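Student: Can you walk me through this one? I'd like the helices, the packing and the chain contact.

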Amino acid sequence: MTSLNREVIRLSVTFVAVSFLVWFTVATTGLLRAETPEPKGICAKLSSMTSNTELSMQNRLNKIEGKRTELDKKRMDRQASKMIERAEKKLVGEAKLAAKAEALYAVAATDVQTAAVATFVTQVEAAVDARVTAVNTAIALWHNEGDRVRNERIALSDSLIATQTSAVWSAHAESEVSCKEGIVSKIVGPVHKSAIAASKDQLNADLAALPPMDVLMAPYRVNLKAATDDAHKNFTDALQTATDTLAIALGVEASDAASMATATDS
Amino acid sequence: MRKLSTSYVAAFAATIITLFIVGACSQQPSRAPTIEPVVTPTSALGDEEDELSSKQVVEQASLKNSTQEDNQTTDTTDPTATATQEDNQTTETTDPTATATQEDDQTTETTDPTATATQEDDQTTETTATATQLNIETIIDGILAELLDDATKSLRDLEEEVEADIALLADDDQALTGVGE
């Protein structure tokens, strides 16, 4: 064999060896890749699902809080407006009483009758003040009960929402564990979806089971009506007493405030 | 000269006497007002009988005046009728007595109207008192009605306020609508 031949044979063997080495390296990598496949379905999306869920939950809470704040302001504004309206009506009533009292003073012929008219006016003003105070107290109590019931309802609603949120996070965690355990997405996905749906259904069912606000407020409404009815009756009685005293002093027949009140009510 | 003076004095005296008589006659109508007090109160009563009496009195007075005027006319034409005039005056002085008697009668008659007037005054007083009482009762009724009406309206407003409050409370639940989706 010539030296040239030897050299050719040596280079060929080297080339074959290098080629084999390259093939081996590439083939080994391919085999390894075939043993750990890329996650697909829910297992691939769990990370992004978690961050999206977190954002969605926060948005939901913000939205609920925004509506609650808006409604609370509307309710407070209305209550304040009504309080002002009642105070203005009281002033108007006092002005009308003063005007009519002037007519009574005009017909009072003696000092005794004038004094009787003054007493009548004082008693009527006291009766009006007592009625307004009693009604305002009853309304304040009603508002307080409304606030308390509302806060309880909000706390209960928040609790139900928190429960559902926990259920969602639990479903995410269980799916993550399953994916890590190598359970395929085809199995993990439906389980996760079912858990989320169950949490929503439970929340909706819990919210639907909450008693209506008018039912919750009904006992306090009864209390309010009883208090205002009492105030109205006491007012009528006080007017009757004042009228009787004045009628005697002026020598006229006393009006029947109770029957007038009944006629006015009807 | 003496004849002229005597005739002059006689003419002067006749003129004076004539003027005196004329002057005396011109004062006769001044007695007419003495009749007026008899007429005025009688007609003022407004009673038919009184009106008749007053008419009678007026007629009497007219007759007397006409008689007197006739007498005066007579007097004017006949200055010597002074005695007749005095007789007439005497007759006239009798008439006021009769008139006085008539006035007494009228006063007696007006006793009843006075009582009636007093009754009317009492009735007027009672009516006024009743009207005042009604006025007072109306004022008091007005005050009571207004106060009770305001109070009743206040209760109705309160009912509406409660309804609105409950609706607003219920709206909190609306904020939860779709929260589970």
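Tutor: What follows goes from the ground rules to the chains, then to the packing. This is a predicted model: local features need pLDDT of at least 70, side-chain atom pairs count only at pLDDT 80 or more, and totals for chains, interfaces and linings use all residues. Residues are numbered from 1 along each chain as its sequence is written, while chains are lettered from A and ligands numbered from 1 in the order in which they are written.

Student: OK. What is the secondary structure of chain A?

Tutor: Chain A has 6 helices and 0 strands. Helices (H or I, at least four residues) and strands (E, at least two) are DSSP runs, numbered from the N terminus.

Student: And chain B? What does its secondary structure come to?

Tutor: Chain B has 5 helices and 0 strands. Its pattern along the sequence is α-α-α-α-α.

Student: Switching to the core. Which residues have the most contacts inside the largest one?

Tutor: Phe120(A), Val124(A), Leu239(A), Leu246(A), Leu144(B), Leu147(B) and Leu148(B), in a nonpolar core of 32 residues. Such a core is a set of buried Ala, Val, Leu, Ile, Met, Phe, Trp, Tyr and Cys residues joined through C-beta atoms within 7 Å.

Student: Which elements give two or more residues to it?

Tutor: From chain A, helices H3 (111-180), H5 (213-250) and H6 (257-265); from chain B, helix H5 (111-174). H3(A) gives the most, with 11 residues.

Student: What is Leu246(A) in contact with, beyond its neighbours within four places in sequence?

Tutor: Ala116(A), Val117(A), Phe120(A) and Ile140(B). Contact here puts two C-beta atoms, placed from the backbone, within 7 Å.

Student: How do the axes of H3(A) and H5(A) cross?

Tutor: At roughly 175°, and the axes come within 9 Å. That makes H3(A) roughly antiparallel to H5(A). Axes are lines fitted to C-alpha atoms, for helices over the stretch in contact, with angles from 0 to 180 degrees between N-to-C directions. Under 35 degrees counts as roughly parallel, over 145 as roughly antiparallel, 65 to 115 as roughly perpendicular, and the rest as oblique.

Student: And the residues of that contact, by class?

Tutor: They divide into 26 nonpolar, 7 polar and 2 charged. Ala, Val, Leu, Ile, Met, Phe, Trp, Tyr, Cys and Pro count as nonpolar, Asp, Glu, Lys and Arg as charged, and the others, Gly among them, as polar.

Student: Now the chain contact. How many residues does it take from each chain?

Tutor: 57 residues from chain A and 38 residues from chain B. On the chain B side, 20 are nonpolar, 7 polar and 11 charged.

Student: Next, Ala108(A). Where does it lie?

Tutor: In the loop between helix H2 (42-107) and H3 of chain A. Ala108(A) is partly exposed because it has 18 C-beta neighbours inside 10 Å. Its C-alpha is separated by 7.4 Å from that of Leu250(A), 142 residues apart along the chain.

Student: Last one. Which residues of H4(A) are buried?

Tutor: Val188(A), His192(A), Ser199(A) and Leu203(A). The buried residues of H4(A) pack against H2 and H3 of chain A.

Technical notes: A residue is buried if 20 or more other C-beta atoms lie within 10 Å of its own, exposed if 12 or fewer, and partly exposed in between; C-beta atoms are placed from the backbone.
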